[in-house]
Amino acid sequence: MLRLLAGLSATGIGLAGCGVGADPVNPLPAEQLVFGVSSVSPWSSSLGWALQTPSLLLYGSGRIISQDPGDPAGPGTYTTAQVDPLAVARLVAQCERSGLLTADYDVLPVTDLPSTRVWSHGATGSQEVSVYGLSESFDEYASILNRRRRKQLRTLIFDAEALIGDGGSTYVPDRVVVLEQRAQGTATIRWPGPNPDSFLHKPSNVRRNSIACGTLTGSTAAAVYAAARANPDQLWLVGNRSRVLGVNPLPVEIDC
């Protein structure tokens, strides 16, 4: 998953109506997911698709979950923090007014680039945009108008990430989704959770090539996630069988 690099605010490019301001706002519903960012690469493996997660989530309560930079293979690691709910509401309200999440962006004449999805759910409802090749490296292929929009959108993402500051703690999930895929290779690490056949079922609409899907919660979810971080290929020994069981720690976009 692509994590957009920091330092964009140093360019001096301000968001048109989307910067941090002092407009009066009311807090958004505490449990509501009000802002998110995720990226999808066309080169992701089947397991990579199963493990895809948002790189940034903001909730109305002021809770932030942000993917750690430079994550290795396997399930990602995250930092979580609690910030002022009004700061989150203000960012979402101003960005709703900016039009960045409803604007049109150029289709770049370059193949096989990742797409970055940004969405919000504030007082005026939901907005969402997916931008192909959002990295500054590909601005040269965009029109002048779209170069400005792309820079503004990157700055928006940076400003949202910056809310977490230097604080925060390691994110420990209380719910994970386990996605089974066809196994190749021989496992040497034993599956640390309950018998997969006790909670996996045929998926309804999930990630590419997944043959089964299920949910674990509580301390079991946390323990399985910790073990999965140390087993990047997610190949597990279950009884005398080798099985690929991908552990997704932020399954907000997965429907089992």
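Let me start with the disulfide: there is one in this structure, a disulfide being a pair of cysteine sulfur atoms within 2.5 Å. Before going on, this is a predicted model, in which local features need pLDDT of at least 70 and side-chain atom pairs count only at pLDDT 80 or more, while totals for chains, interfaces and linings use all residues. Residues are numbered from 1 along each chain as its sequence is written, and side-chain values use heavy atoms, with hydrogens and water left out.

The two partners are Cys213 and Cys256, and their sulfur atoms lie 1.5 Å apart. The pair links distant parts of the chain, 43 residues apart: Cys213 sits in strand β9, residues 212-217, and Cys256 in the segment after β11, residues 241-248. On naming, helices (H or I, at least four residues) and strands (E, at least two) are DSSP runs, numbered from the N terminus. Which hand does the disulfide have? The torsion about the S-S bond is about -55°, so it is left-handed.

Are these two cysteines buried or exposed? I call a residue buried under 20% relative accessible area, exposed over 50%, and partly exposed in between, with a 1.4 Å probe and protein chains only. Cys213 is buried at 0%. Cys256 is buried as well, with a value of 19%.

Strand β9 takes us to the sheets. It belongs to an open sheet of four strands, in the order β9-β8-β11-β10, with antiparallel pairing. Two strands pair if DSSP finds at least two bridges between them. β9 and β10, residues 235-238, stand at the edges with a single partner strand each, so one side of each has no neighbour in the sheet. On average, neighbouring strands here are turned by 40° against each other, direction ignored. That angle is taken between axes, which are lines fitted to C-alpha atoms, for helices over the stretch in contact; angles run from 0 to 180 degrees between N-to-C directions.

Inside this sheet, strand β8, residues 175-181, runs antiparallel to β11, and five bridges join them. One place to look is Val177, whose bridge partner in β11 is Asn248.

Now the other sheet. It is open too, with seven strands in the order β6-β5-β1-β2-β3-β4-β7 and antiparallel pairing. Its edge strands are β6, residues 125-132, and β7, residues 169-170, each pairing on one side only.

Strand β1, residues 33-40, is mostly covered, with six of its eight residues buried. Towards β2, residues 56-59, β1 makes four bridges in the antiparallel sense. Phe35 has Leu58 as its bridge partner in β2. Towards β5, residues 115-122, there are six bridges, again antiparallel. Here Gly36 stands opposite Trp119. In a regular strand the side chains alternate between the two faces of the sheet.

Next, the loops. Most residues other than glycine have a negative phi. Asp112 has a positive one, near 65°. This residue lies in the loop between α2, residues 85-98, and β5, and at 42% relative accessibility Asp112 counts as partly exposed. Gln234 also has a positive phi, near 60°. Its loop runs between α4, residues 218-229, and β10. Gln234 is buried, at 0%.

A further loop residue is Ser198, between β8 and β9. Ser198 is exposed, with a relative accessible area of 55%. From Ser198 to Gly214 is 16 residues in sequence and 9.2 Å in space, C-alpha to C-alpha.

Last, the second largest pocket. On a 1 Å grid over the protein atoms alone, a pocket is an open set of points where a 1.4 Å probe fits, with protein on both sides within 12 Å along at least five of seven lines, and lining residues have an atom within 4 Å of a point. How much space lies in it? About 180 Å³, where grid points are joined across faces, edges and corners, and the volume is the space filled by probe spheres set on the points. Among the lining residues are Tyr59, Arg63, Asp174, Arg175 and Pro249. The lining divides into nine nonpolar, no polar and three charged residues. In that count Ala, Val, Leu, Ile, Met, Phe, Trp, Tyr, Cys and Pro are nonpolar, Asp, Glu, Lys and Arg are charged, and the others, Gly among them, are polar.
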